[in-house]
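Subject: Structure handover

Dear colleague,

Here is the structure to look over. My notes on it follow below.

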Amino acid sequence: QVQLVESGGGLVQPGGSLRLSCAASGFTFSTYGMSWYRRAPEKEREWVATGYGGIKAYADAVKGRFTISRDNAKNTAYLQMNNLKPEDTAVYYCNAVHQLGSPPAFGSWGQGTQVTVSS
């Protein structure tokens, strides 16, 4: 079955950096795009970034600060987050997508990884 395991979160000061990882299994990783999402306290889950083929797309709130990447040999997607802000505090999740702009491909989600940006 599909498994998505996020890791790499933590507590970081404003302006700091983190790299999140998403280990995927149960599907043919290389044939899907991968997206990152986040859910802040008392808010709905929101889309953060998608990497599909050679195309990368980002939400306006993170553009220029976050970079999505992947390693197909390791079935792993990454989200490099730089210049973090308190408003980036959230639980971060990954999921596969069939194409750029499409909704998450799988109904099952991982446990997410908590990112807290605070001084």
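Ser21 counts as buried, because its relative accessibility is 18% and buried means under 20% relative accessible area, with exposed over 50% and partly exposed in between (1.4 Å probe, protein chains only). Before the rest, the conditions: this is a predicted model, in which local features need pLDDT of at least 70 and side-chain atom pairs count only at pLDDT 80 or more, while totals for chains, interfaces and linings use all residues. Residues are numbered from 1 along each chain as its sequence is written, and side-chain values use heavy atoms, with hydrogens and water left out.

Ser21 belongs to strand β3, residues 18-25; strands (E, at least two residues) and helices (H or I, at least four) are DSSP runs numbered from the N terminus. Leaving aside residues up to four places away in sequence, Ser21 touches Val5, Glu6, Ser7, Trp36, Thr76, Ala77 and Tyr78, where contact means heavy atoms within 4.5 Å.

Disulfide

A search of the whole structure gives 1 disulfide, defined as a pair of cysteine sulfur atoms within 2.5 Å. The disulfide joins Cys22 to Cys94, with S to S at 2.0 Å. The link of Cys22 and Cys94 is right-handed, with 70° about the S-S bond. Distant parts of the chain are linked by this pair: Cys22 is in strand β3 and Cys94 in strand β9, 72 residues apart. Cys22 counts as buried because its relative accessibility is 0%, and Cys94 is likewise buried at 0%.

Sheet and Arg39

An open sheet of 6 strands runs in the order β2-β10-β9-β4-β5-β6, with mixed pairing; two strands pair if DSSP finds at least two bridges between them. Its edge strands, each pairing on one side only, are β2 (10-12) and β6 (55-58). Strands β4 and β5 (residues 46-52) run antiparallel and are joined by 5 bridges. Tyr37 has Trp47 in β5 as its bridge partner.

Arg39 is in strand β4, residues 33-39. With a relative accessible area of 36%, Arg39 is partly exposed. Not counting residues up to four places away in sequence, Arg39 touches Glu44, Arg45, Ala90, Val91 and Tyr93. Its C-alpha atom is separated by 8.5 Å from that of Thr89, 50 residues apart along the chain.

Aromatic rings

The structure holds 6 aromatic pairs; rings of Phe, Tyr and Trp (its six-membered ring) pair if their centres lie within 6.5 Å, and planes under 30 degrees apart count as stacked, over 60 as edge-to-face and the rest as tilted. One of the pairs is Phe27 with Phe29, tilted, at 6.3 Å centre to centre and 45° between the planes. Phe27 and Phe29 are both buried. Tyr32 and Phe106 form another tilted pair, at 5.4 Å centre to centre and 45° between the planes. Tyr32 lies in the loop between β3 and β4 and Phe106 in the loop between β9 (90-97) and β10 (113-117), so the pair ties together parts that are 74 residues apart in sequence. Tyr32 counts as buried at 18% relative accessibility, and Phe106 counts as buried at 15%. Ring pairs link Phe27, Phe29, Tyr32 and Phe106 into a cluster.

Charges over rings are also found: Arg19 lies over the face of Tyr78, at 4.2 Å from the ring centre, and Arg45 over the face of Tyr93, at 5.8 Å from the ring centre. The criterion is NZ of Lys or CZ of Arg within 6 Å of the ring centre and within 35 degrees of the ring normal.

Regards
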